Amino acid sequence: MMMKMKMKMKSSSKKDDLFHVIYKVPQGDSPYVKAKHAQVVEKNPEAAIVLFWKAINAGDKVDSALKDMAVVMKQLNRSEEAIEAIRSFRSRCSKQAQESLDNVLIDLYKKCGKVDEQIDLIKRKLRLIYQGEIFNGKPTKTARSHGKKFQVSVKQETSRLLGNLGWAYMQKPDYLTAEVVYRKAQMIDPDANKACNLGVCLIKQGRFDDAGSVLGEVLQGRIPGSEDMRARNRARELLMQLEPFQPPLEFSDIMELDDHDFFNGLELLMNEWAPVRSKRLPIFEEISSFRDQLAC
């Protein structure tokens, strides 16, 4: 009987361990553990916020509790409240937590449309990078996305912040400054998403040729991240917006193209000249008619 009870307790313990691994929640009975359980397992964000408040007031994992609570508030469209909470209680958090709290604040400012506050905070973070104080003095930091951990370098973080800064200037709208910031970000650590944003910025300025050149690099796979279908589709959609602003293709221009480009250009002319019901050149319609007569 004692052996059976021990085996049962051991089995129950293993199930509890497995439960915490699956749901990625800490073990215990503290306010923070209860808050994470309400957030992740019970899917009850309102109850989670109340418990996160209790954890902060009790001094229980304040760094994580404040950040997690702000994230849940954002999901419930209570971003203004989340901003005030971070501002009021971040002094209780450790120095190591300040950077992640800043990142949450940037997202909250973006959600609320507080552009000037977002710009000021991003500039402050960029200043910390310049002073060598980012990542608490380390060359990389561990980040998490979709449950997976990965390393982020100072160069990648700088480019990411510049991308956010470019987006903020786009909202003002200050497209010239946004362009400068986006181009700087691409020089440091290029990616297809920022290239698309730069394309939008150039379109807003009426610089359609420059925008087409930038977006074309995404479709041609010349920029890291171009293999992402979301980035490729976005680049393709933006290029379609540029079509009404492209000059008509002259036949003399086609004669100078190589075979591949020649037939692509010929297809454009066919689309331009042929009736709506047909994409073939008029001469092709005549040939088809003559062929039908011969068949008779």
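**Exercise 1. Is Y32 buried or exposed?**

Solution. At a relative accessibility of 7%, Y32 counts as buried (buried: under 20% relative accessible area; exposed: over 50%; partly exposed: in between; 1.4 Å probe, protein chains only). A word on the model before we go on: it is predicted, so local features need pLDDT of at least 70 and side-chain atom pairs pLDDT 80 or more, while totals for chains, interfaces and linings use all residues. Residues are numbered from 1 along each chain as its sequence is written, and side-chain values use heavy atoms, without hydrogens and water.

**Exercise 2. How many aromatic pairs does the structure hold, and how do you describe the one made by Y32 and F52?**

Solution. 
- Step one, count: there are 2 aromatic pairs (Phe, Tyr or Trp rings, six-membered for Trp, with centres within 6.5 Å; planes under 30 degrees apart are stacked, over 60 edge-to-face, the rest tilted).
- Step two, geometry: the ring centres of Y32 and F52 are 6.0 Å apart and the planes stand at 50 degrees, so this pair is tilted.
- Step three, location: Y32 belongs to helix α2 (residues 31-41) and F52 to helix α3 (residues 45-57), so the pair links distant parts of the chain, 20 residues apart (helices: DSSP runs of H or I, at least four residues, numbered from the N terminus).

**Exercise 3. Where does the charged end of K110 sit?**

Solution. Look at W167: the charged end of K110 is over its ring, 4.6 Å from the centre (Lys NZ or Arg CZ within 6 Å of the ring centre and within 35 degrees of the ring normal).

**Exercise 4. Which parts does the salt bridge of D68 and K36 tie together?**

Solution. 
- Begin with the total: the structure holds 14 salt bridges (a Lys or Arg side-chain nitrogen within 4 Å of an Asp or Glu carboxyl oxygen).
- Next, the contact: D68 and K36 meet at 3.5 Å, N to O.
- Their places: D68 lies in helix α4 (residues 62-75) and K36 in helix α2, so parts 32 residues apart in sequence are tied together.
- Finally, accessibility: D68 is buried at 12%, and K36 is buried at 11%.

**Exercise 5. Where do R78 and E46 lie?**

Solution. 
- The closest N and O atoms of this salt bridge are 3.1 Å apart.
- R78 is in the loop between α4 and α5, and E46 is in helix α3, so the bridge ties together parts 32 residues apart in sequence.
- R78 counts as partly exposed at 22%; E46 counts as partly exposed at 44%.

**Exercise 6. What separates E179 and R183 in helix α9?**

Solution. 
- These two side chains form a salt bridge of 3.0 Å, N to O.
- Both are in helix α9 (residues 175-188), 4 residues apart, so about one helical turn separates them.
- E179 is buried at 9%, while R183 is partly exposed at 34%.
- Lastly, widen the view: E179 and R183 are linked with R207 and D210 in a network of salt bridges.

Methods
Helices (H or I, at least four residues) and strands (E, at least two) are DSSP runs, numbered from the N terminus.
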